[in-house]
Amino acid sequence: MTGLTSEDATTEASAVLAEVVASERLRIVASLIRTTGDWDLAEDSLHDAVARALSTWPERGTPDNPGAWLTTVAKNIAVDAIRKAAAERNTAHRVAIETEIDAQEHGGEEPTMPIDLADPLNDDRLRLIFTCCHPALAMESRVALTLRTVLGLTVAETAHVFLVSEQTMQKRLVRTRGKIRAAGIPYRVPPPHLLPERTAGVLAVLYLLFTEGYSSGSGTDLIRPALADEAIRLTRLVAQLIPDQPEVLALLALELFQHSRVATRLDAAGDIVLLEDQDRSRWDHSAIAEGSRMLAEAERTLEPLGNAPGPYLLQAQIAAEHANAPTAGATNFARIATLYAHLSQVAPSPIVDLNRAIAVAFAQGPDAGLTLLDTLSLDATLGEYHLLHATRADLLRRAGRPADALTHYRRAFELAPSDAERRFLQRRIDNL
Amino acid sequence: MEYLLLIVDDPAAPTYVPEEDNIQEWVADLDRRGASRVGNRLRPPSDATTVTVRDGKTILTDGPFTESKETIAGFDLIDVENLDEALEIAAAHPMARFGRVEVRPVWPFE
């Protein structure tokens with residue numbers, strides 16, 4: 001590379017490499033897992049290939065197709081490792097493995113697996129995602145493995161998300177990968193008869209990743225907030241690879257609508273700003289626009305199927321009502337209350353009932369909301385949940401019953417799990 | 001891959017309804033898949049004898065090795081493509097509804 005100092009060459013190579021790793025890591029790891037069947041080896045081989053790139057690219061120049069270079073080198077490293085391990089065992093085994101590798105190598109396999117346009121489901125990234133989210137794995141393990149292998153977080157970062165030690169996380173990941181291998185969990189996109197159910201399982205993991213990031217707010221924590229962006233990126237990929245699935249598109253819309261408010265949910269002091277008090281001009285309107293497009297797409301693909309709307313579609317429709325209302329007062333709470341009533345049929349949960357009561361209170365007045373809270377007997381299920389008491393307090397305050405409101409704000413304060421929430425409730429108590 | 005399906009009797013499970021027992025269909029399905037190796041019911045734990053050898057001495061105990069309300073009532077060794085197929089077969093077994101089925105991958109000696 002004439003005209004460049006070695007320092008320039010190193011900087012340029014690192015920049016190209018960082019970009020390639022960001023865009024190609026998932027594809028390369030997913031493809032290596034398929035060919036080698038060894039999750040650790042796949043990660044290690046890519047790691048070594050990156051190290052090799054860092055040492056050779058500055059000197060010899062960045063290859064024309066850095067993604068293909070990285071894929072090929074990582075694969076060669078993996079194959080060498082398998083051959084070496086086999087040589088250390090017995091010869092018969094070695095012959096068997098070499099035959100297998102040769103068969104794969106001469107099977108005309110492309111170094112970078114392009115998406116098969118005729119069949120988008122034939123994609124290694126999707127195989128990896130479905131395998132990480134297999135229902136025979138515990139939910140925590142699915143999320144951990146997705147963070148580690150699909151999103152490429154380090155073990156330390158994954159441990160941080162779960163608030164456990166690196167050692168504990170390492171053990172959990174080893175156990176999970178061990179089960180995939182030993183129990184014969186197939187590395188594949190499930191066949192058509194399993195696809196809807198398994199896709200729902202993938203969406204549950206994606207949404208959990210998103211809420212984990214979204215609910216963490218701002219502050220000094222740099223890993224969790226980034227998860228919301230990563231979850232959206234991954235949901236977008238899944239939506240691209242499993243096209244025309246209303247629930248996949250709806251989850252993407254839901255995430256985009258919620259994420260559009262990320263800058264306004266907390267004030268400069270880290271205190272909670274309620275939806276009705278947020279500065280709507282500071283919402284991310286391009287995210288809302290994309291969310292609206294995805295929601296329309298989800299509704300369009302649902303129609304010919306003749307199915308009832310699924311839980312993500314209903315939640316996205318609710319989020320759309322909030323996101324597109326010009327002011328809090330102009331929000332169509334009557335429609336939101338109806339959508340929550342549908343949602344409680346499709347995916348019954350006391351939290352959904354609570355939200356329904358709140359929407360009813362905004363649509364028909366606080367007394368209607370209070371009546372519904374009693375009718376749904378939420379105290380039995382959510383008696384220890386601070387937001388039930390905060391909601392009741394809020395409705396009592398609006399209904400002109402400050403003394404009753406105070407009792408419930410105090411109960412909510414006792415149960416609130418975070419400082420930000422306690423500060424918010426204290427302000428309400430002070431105002432009464 | 002081989003899996004052992006442990007058919008578990010669970011007193012807390014819904015009561016057995018003979019008319020809803022599809023075991024013959026289930027066996028026919030296994031045969032159709034060519035998945036069946038061997039399988040049978042087991043006599044109740046009260047007929048079990050547990051054998052323990054310690055310091056060269058054989059100790060026999062009347063009954064099962066664990067005092068559990070859930071007991072193994074039968075087993076099926078199946079040979080299928082992967083865990084998904086094993087789980088599908090397990091879910092179709094009548095005892096998945098009237099008890100539980102534990103799916104254990106067989107760990108062959110190399």
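Predicted model: local features only at pLDDT ≥ 70, side-chain atom pairs only at ≥ 80, totals over all residues.
**View 1. The contact between chain B and chain A.** Twelve residues of chain A and nine residues of chain B make up the contact. About 730 Å² is buried between the two chains. Carbon and sulfur atoms give 51% of that area. On the chain B side, Asn82(B), Leu83(B) and Asp84(B) lose the most area to chain A. Together they account for 58% of what that side buries.

View 2. Two salt bridges are found between chain B and chain A. One of them links Asp84(B) to Arg188(A). Here the closest N and O atoms are 2.6 Å apart. Helix H2 of chain B, residues 83–92, gives the most to the chain B side, with four residues. By class, that side holds five nonpolar, three charged and one polar residue.

**View 3. The N-terminal end of H2(B).** Asn82(B) caps this end of the helix. A side-chain oxygen of Asn82(B) lies 3.1 Å from the backbone nitrogen of Asp84(B). Asp84(B) also forms the salt bridge with Arg188(A).

**View 4. Packing around H2(B).** Buried residues of this helix are Leu83(B), Asp84(B), Glu85(B), Ala86(B), Ile89(B) and Ala90(B). From chain A, helix H9 (195–214) packs against them. Within chain B, their partners are strands E1 (2–9), E5 (71–79) and E6 (100–105). Helices H1 (23–33) and H3 (94–98) of chain B pack there too.

Conventions. Residues numbered from 1 in each chain as written. Chains lettered and ligands numbered in written order. Heavy atoms only, no water. Contact = heavy atoms within 4.5 Å. Buried area = accessible area lost by both parts, 1.4 Å probe. Salt bridge = Lys/Arg side-chain N within 4 Å of Asp/Glu carboxyl O. Helix = DSSP H or I, 4+ residues; strand = E, 2+ residues; numbered from the N terminus. Nonpolar A, V, L, I, M, F, W, Y, C, P; charged D, E, K, R; others polar. Buried < 20%, exposed > 50% of the residue type's maximum accessible area, 1.4 Å probe, protein only. Polar contact = N/O pair within 3.5 Å; in protein donor to acceptor, adjacent residues only side chain to side chain.
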